Amino acid sequence: MKTASCKMTCTSKDLLTLFNDLKNGKPVDASRIEDSLINQKLKQTLQKRNFDINFNLLNKMDSPPLRVDFMPLHRLITEEEIEDVLSEIKDVLPTGKFTSGPQVRVFESEIAAFLNKKYCLASSSGTDAMIVALKAAGVGHGDEVIMPANSFAATENAVLAVGGMPVFCDIDPDTFCMTASNIENRITSKTKCILPVHLYGKQPDMKAIAEIADHYRIPIIEDACQSIGVTGLGKYSLCTILSFNPYKNLGTCGKAGAIVTDQQTFATSCIEYMYHGFELDQKNKKTADYGFNSKIDNLQAAIGLARMKYLSLNNLKRLSLADRYIKHLQPYEEKGQIKLPKMAEDHVWHLFTIKIINGNRDQVKEMLYNLHHVETDVYYPILSHQQKTSLVKTHYQDTVLPVTESVHKQMLQLPLYPHLTIEEQDKVMEALIDVLS
Ligand SMILES: Cc1ncc(COP(=O)(O)O)c(C=O)c1O
């Protein structure tokens, strides 16, 4: 349930203020940070004696790295986290409560409180959460859903899974997110839902999108799978979809996701679709015609509880790494060689995306790897309306998205994850500067 509080929740806006204060040597009163599992490690870190953000936040290594991997899986979890996870698992295993169980409720209430929302329904994945939410929002056969073409395939697949038709809409060249005016151009009498994606951890202009949605009375479902921790998630939408797969800012040790909403009737319908159409807390008594098997496992929720203690601290580390990239690469933006993302209050830095303006992106990527052993990536290599599928051939041959298509050729993701060391990040930047020159 919602709780009124004037303490810092440590979503992106608070984190940016905190970061700037710490960087400028202003004292930070850690007691102002809300006591929650999500903030636990951040609070403990800030309370350490002599903590200095310029020296003690980011990881360091003793010798210069020979290579930098984009997202080394074994470094997405620390020894300390593994201990925490094992301890949670040890508590659950003897109970035999592997699928449903008490940890699910605790996990859900922590996430709901963090987003300041009434209901969190934890699911077996972000994809399943989206399918359930679209069903509960009434999206069905032939209904159109407006969404971007540069998201992960899960976004369009969820729409297709419920019988809907994705209608792809162009984006802003700097934020990579859908814009309100492009959305309005795509609205027809068949539009049943607007599905903005908070790509790379950046929130689209949700206020502007909501004005259009309200005008045409179309619900918004937000795909925030990459952006847990952004301030104001769910403020303008029917619901927010989250993913807790291990690559996300908050990952479990498997697949998991959630639907977060304030609307009781919608939440009830989601609960029914999530588990075989059964009435809430009624064993095997159907109230909906059918439903899926899409609840989070209790064991995965327990793991999520262990790992969520690190979320705000990890989001601060991501912010600090993004800040270093922006600061050190600024001169190359000024020379017109690259375009950098802007530091913003509504960004949780899931991925750090630059654009190669003066040059061939694929060649830059190759040279970074071949000459400097620096791995970068492209999220995602093929746009939805350019996939080689029969659906695309029959339905999307005429889809033209000038901005999406143009930035898609330029964008490149640099390594950014909480445990990337300063030395590794320096190597990435030195390599990029060398290749650009
Ligand atoms: C933008 C976006 N939407 C949806 C999903 C699907 O989430 P999951 O992997 O939990 O099914 C992802 C995850 O990769 C994603 O990045």
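This is a predicted model: local features need pLDDT of at least 70, side-chain atom pairs count only at pLDDT 80 or more; totals for chains, interfaces and linings use all residues.

Me: Into which domains is the protein chain divided?

Reply: The chain is divided into domain 1, made of 11-76 and 311-437, and domain 2, covering 82-308. Between their C-alpha centres the distance is 24 Å.

Me: How is the interface of two such parts described?

Reply: The size of an interface is often given as the accessible area that is lost when the parts come together. Here, about 3,600 Å² is buried between domain 1 and domain 2, and carbon and sulfur atoms give 59% of this area. Three residues, L311, H350 and Y380, supply 18% of the area that domain 1 buries against domain 2, more than any other three residues.

Me: How many salt bridges cross the interface of domain 1 and domain 2?

Reply: Side chains of opposite charge can pair when their charged atoms come close. The rule finds two salt bridges across the interface of domain 1 and domain 2. In the structure as a whole there are 17 salt bridges. One of these joins the side chains of K355 and D174, with 3.5 Å from N to O.

Me: Which parts of the chain does the salt bridge of K309 and D84 tie together?

Reply: The side chains of K309 and D84 meet at 4.0 Å, N to O. K309 belongs to the loop between α11 (298-308) and α12 (311-334), whereas D84 is in helix α4 (residues 79-92), so the pair ties together parts that are 225 residues apart in sequence.

Me: Are K309 and D84 buried or exposed?

Reply: A residue counts as buried when its relative accessible area is under 20%. K309 has a value of 15% and is therefore buried. D84, at 18%, is buried as well.

Me: What is the accessibility of R67 and D69, which form a salt bridge?

Reply: The closest N and O atoms of R67 and D69 are 2.6 Å apart. R67 is partly exposed at 36% relative accessibility, and D69 is partly exposed at 25%. A further case is the salt bridge of K285 and E279, at 3.0 Å from N to O. K285 counts as partly exposed, at 42%, and E279 likewise, at 31%.

Me: Which residues lie on each face of β7?

Reply: G257, I259 and T261 are on one side, A258 and V260 are on the other, and all are buried. Five of the five residues of this strand, 257-261, are thus buried.

Me: How does one describe a pair of aromatic rings?

Reply: Such a pair is described by the distance of the centres and the angle of the planes. The count for this structure comes to 12 aromatic pairs. Among them, Y290 and F292 are edge-to-face, with 5.9 Å centre to centre and 85° between the planes. Y290 is partly exposed at 38%, and F292 is partly exposed at 26%. Elsewhere, F70, F152, Y379 and Y380 form one aromatic cluster.

Definitions and conventions
Residues are numbered from 1 along each chain as its sequence is written. Side-chain values use heavy atoms; hydrogens and water are left out. Buried means under 20% relative accessible area, exposed over 50%, partly exposed in between (1.4 Å probe, protein chains only). Helices (H or I, at least four residues) and strands (E, at least two) are DSSP runs, numbered from the N terminus. Rings of Phe, Tyr and Trp (its six-membered ring) pair if their centres lie within 6.5 Å; planes under 30 degrees apart count as stacked, over 60 as edge-to-face and the rest as tilted. Domain bounds come from an automatic or database domain assignment. Buried area is the accessible area (1.4 Å probe) that two parts lose on being put together, summed over both.
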